[in-house]
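I opened my notebook beside this chain and wrote down what I looked up, entry by entry.

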Amino acid sequence: PVVGISNHQVLAWQRNPADRPVFTLIEARRNELYFAEHELMDSSYPQIKDHKIIFKEDLIKHVPPQSIVIWKHDLEISGTIKDALLKQDVLIYDRGIYSASIVAELAALKAELIGHDDLVKMEPMYIRPFAGVQ
């Protein structure tokens, strides 16, 4: 059986237990971010609700007050943007990691809650058109 897990879900799993909206960020280059909003199921499994590409300087417009935003430790977000998020009572977790153990834990939970993925119907989650595609 195959169970697909997104890098965004791996980051969202690392949040502190809190009853707040959860958002994750991944470097997209060109001063852009892959941005995802998560819906937490009863078991706290992070299901991606929406995803898009945003400019770093527009991050504050996309993260509502009293939410959680998570990104990997090597993503550079300016101090000005971090300060603006903190002023909106946004919890920042900027020490996210990618780990095989987290992927395995999420995959087991997804298999239990949702079931396995159908290989025939699986598709990569591309947010930006694939390079070389016109």
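**Entry 1: what kind of model**

I am working with a predicted model here.

I began with β1, which covers residues 22-29. I found that β1 and β2 pair in the antiparallel sense over 7 bridges.

Valine 22 has isoleucine 68 of β4 as its bridge partner.

Then I moved on to β2, which spans residues 32-40. It is joined by 9 bridges to β3, residues 46-55, and these two strands run antiparallel. I came across phenylalanine 35 again, this time with lysine 52 in β3 as its bridge partner.

How many residues of β1 are buried? I read 6 of its 8, so I wrote the strand down as mostly covered.

**Entry 2: the turns and the positive phi values**

I checked the backbone at the hairpins. The hairpin of β1 and β2 has 2 residues between the strands, and arginine 30 takes a positive phi near 50° there. In the hairpin of β2 and β3, with 5 residues between the strands, serine 44 has a positive phi near 75°.

I also stopped at arginine 29, which is found in strand β1. It has a positive phi of about 70° although it is not a glycine. Is arginine 29 buried or exposed? It counts as exposed, because its relative accessibility is 60% and the cut-off for exposed is over 50%.

I located it in the loop between α2 (59-62) and β4, with a positive phi near 60°. At 48% relative accessibility, glutamine 66 counts as partly exposed.

**Entry 3: the nonpolar cores**

Which residues touch the most other members of the largest nonpolar core? Of its 14 residues, I wrote down Leu25 and Leu59. The elements that give two or more residues to this core are β1, β2, β4 (68-72) and α3 (79-87).

Setting aside neighbours within four places in sequence, I found it in contact with Leu25, Leu33, Phe35, Ile54, Ile81 and Leu85. Apart from this core lies another, of 7 residues, including Ile5, Val10, Ile102 and Leu106. As a reminder to myself, nonpolar side chains tend to be buried together in soluble globular proteins.

I looked up tryptophan 71 in strand β4. It is buried, because its relative accessible area is 1% and the cut-off is under 20%. Tryptophan 71 and leucine 25 are 46 residues apart in sequence, yet I read 5.0 Å between their C-alpha atoms. Beyond its neighbours within four places in sequence, the contacts of tryptophan 71 are Leu11, Leu25, Ile77, Lys82, Ile92, Tyr93, Asp94, Arg95 and Gly96.

Alanine 36 is found in strand β2. I read 0% relative accessibility for alanine 36, so it counts as buried. Leaving aside neighbours within four places in sequence, its contacts include Val22, Phe23 and Thr24, and also Ile48, Asp50 and His51.

For contrast I turned to alanine 100 in helix α4, residues 100-113. Its relative accessible area is 66%, so alanine 100 is exposed. I noted a separation of 21 Å between the C-alpha atoms of alanine 100 and valine 22, which are 78 residues apart along the chain.

**Entry 4: the largest pocket**

Last, I looked for open space. The largest pocket has a volume of about 430 Å³. Which of its 14 lining residues are the closest to its centre? I listed Gly4, Gln9, Lys110, Asp117 and Glu123. I then sorted the lining by type and got 7 nonpolar, 4 polar and 3 charged residues.

Note on methods
Residues are numbered from 1 along each chain as its sequence is written. This is a predicted model: local features need pLDDT of at least 70, side-chain atom pairs count only at pLDDT 80 or more; totals for chains, interfaces and linings use all residues. Side-chain values use heavy atoms; hydrogens and water are left out. A nonpolar core is a set of buried Ala, Val, Leu, Ile, Met, Phe, Trp, Tyr and Cys residues joined through side-chain atoms within 4.5 Å. Buried means under 20% relative accessible area, exposed over 50%, partly exposed in between (1.4 Å probe, protein chains only). Helices (H or I, at least four residues) and strands (E, at least two) are DSSP runs, numbered from the N terminus. Contact means heavy atoms within 4.5 Å. On a 1 Å grid over the protein atoms alone, a cavity is a set of points where a 1.4 Å probe fits but cannot get out, and a pocket is an open set with protein on both sides within 12 Å along at least five of seven lines; lining residues have an atom within 4 Å of a point. Grid points are joined across faces, edges and corners, and a volume is the space filled by probe spheres set on the points. Ala, Val, Leu, Ile, Met, Phe, Trp, Tyr, Cys and Pro count as nonpolar, Asp, Glu, Lys and Arg as charged, and the others, Gly among them, as polar. Two strands pair if DSSP finds at least two bridges between them.
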